[in-house]
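Dear colleague,

Please find below the structure I am handing over to you. My findings follow directly after it.

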Amino acid sequence: MEYRIDNTFELLSQEEWDKYLDSYLFKNMYIDPDSFSVAEDFMSKIVFDNHIKNYIRQHNNKVGTLNVSYALCRHYFDKGIPDDPWFISPGEHGESIQYMPKFKPKDWLVRYWFSYFSEAVYFKLFSIWDSVVGLLNEFYQMGHEEDLRFRSEVMKTLKSQRNDIYQYMIDILNEPLYKEANMYRTRIIHGTTPNDVSSGLRIKRNVDTEVYDFDNDGKITKKKVKASLQITDSVGEYTNTRTIMDNIEKFSIFSGEKISKIIDMIKTDTFHIKY
C-alpha cells in the first residue's frame, strides 16, 4: 500500500470523540458569563449583556475548538509514534547517523498529522490566553486597540488598576511550564516545528575561538582569534511526541487553573459603564 497524506487522515471513532470531548483538561478555561456582578443601571446592563457576554461567548468557543484539536492530536499520538530513540549512530546500514530508526513508512505520516494538530493546539492555547487579556481590556474599559502592542498596553494599565491581577499574571509568565509551552509556540510560529529534526549545522559569525598554530620554535600552540565564520556540525535537535503531548496536557491543566483564578479575581469588581 502507498501511504499518502490523504489516505492516512482519519476521523475519530465515536468512542474517542466521547472520551476526548469530555476531557477534564479544558473545563476550567470556560467562563460563566452569568457569574459576574453588574451594576443596576440601564447602560451597564446593556453593555455587559450585549458586549461583554459576547466576548465571553467567543472565548468559550475557542475553548471548544481547542478541545476538538486536542482530540485529533491525541488520536494520532495514541497510534504510537516510535520516535524514541530518534537517532542512532552508527546506523543499521552503515550510515554515520540514522534518524527515526524504528519508523515504518506509515509512521512518517502519522507523525505528520500529530505535528499538524499539536501545532493547532498550541495556537489555540495561546489564543485563549490572548482572549483573557482581551476580557480584561473590555471589563475594565481600558480602550486599547488589538494591535501588536495590545498585550503590553493592557498589562501596563492593569498594573495601575488591579496590581494584584497584574502581578499574578507576571508570575505566570515566569513559571517553567509556561516558558516551555511558549518556547514550542515560538518555534512553531517563527521557526520550525520542534517535532522535526533541525539542521545540525550551527553558523556563527564574528566569534572568539581558539586555533592551533606554530610558535617561533616550531611548537604547536593555541591562540585566540576572532573568527569571521564558525560552522559546527551535530545531529540536530528534536522533541519527541511524548514530550510534546505531556507538555500540552500539563499546560492545559495549568492554564485552566490560572485562568479560573484570574476570573475569580475579576469577579470581585462590579461591572459598571464609565462615562
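P85 sits in the loop that runs between α3 and β2 (87–88). In this predicted model, the peptide bond joining D84 and P85 is cis, with omega at about 5°. P90 belongs to the loop between β2 and β3 (98–99). M100 is placed in the loop between β3 and α4.

Turning to helix packing, I would draw your attention to two contacts that involve α8.

The axes of helix α3 (residues 42–77) and helix α8 (residues 241–266) come within 11 Å and cross at roughly 150°. Since angles over 145 degrees count as roughly antiparallel, α3 is therefore roughly antiparallel to α8. The crossing of these two helices, α3 and α8, is left-handed. On the α3 side, the contact is formed by Y70, C73, R74 and F77, which meet T241, R242, M245, I248 and E249 of α8. Sorted by class, the contact of α3 with α8 comprises five nonpolar, one polar and three charged residues.

Helix α6 (residues 163–173) packs against α8 at an angle of about 170°, and their axes are 10 Å apart. This angle makes α6 roughly antiparallel to α8. From α6, the residues in contact are D164, I165, Y168, M169 and I172, while α8 contributes F254, K258, K261, I262, M265 and I266. By class, eight nonpolar, no polar and three charged residues make up the contact of α6 with α8.

The last item concerns pockets. Which residues line the largest pocket? They are D130, V133, D147, L148, F150 and R151. Two elements, α4 (105–139) and α5 (150–161), each give two or more residues to the lining of the largest pocket. The volume of the largest pocket is about 160 Å³. Its lining divides into three nonpolar, no polar and three charged residues.

- D84 and P85: cis peptide bond, omega about 5°

With kind regards

Key
Residues numbered from 1 in each chain as written. Predicted model: local features only at pLDDT ≥ 70, side-chain atom pairs only at ≥ 80, totals over all residues. Heavy atoms only, no water. 1 Å grid on protein atoms, 1.4 Å probe; cavity = no way out; pocket = protein on both sides within 12 Å on 5 of 7 lines; lining within 4 Å. Points joined across faces, edges and corners; volume = space filled by probe spheres on them. Helix = DSSP H or I, 4+ residues; strand = E, 2+ residues; numbered from the N terminus. Nonpolar A, V, L, I, M, F, W, Y, C, P; charged D, E, K, R; others polar. Axes fitted to C-alpha atoms, helices over the stretch in contact; angles between N-to-C directions. Parallel < 35°, antiparallel > 145°, perpendicular 65-115°, else oblique. Left-handed = near helix turned anticlockwise from the far one by under 90°. Contact = heavy atoms within 4.5 Å.
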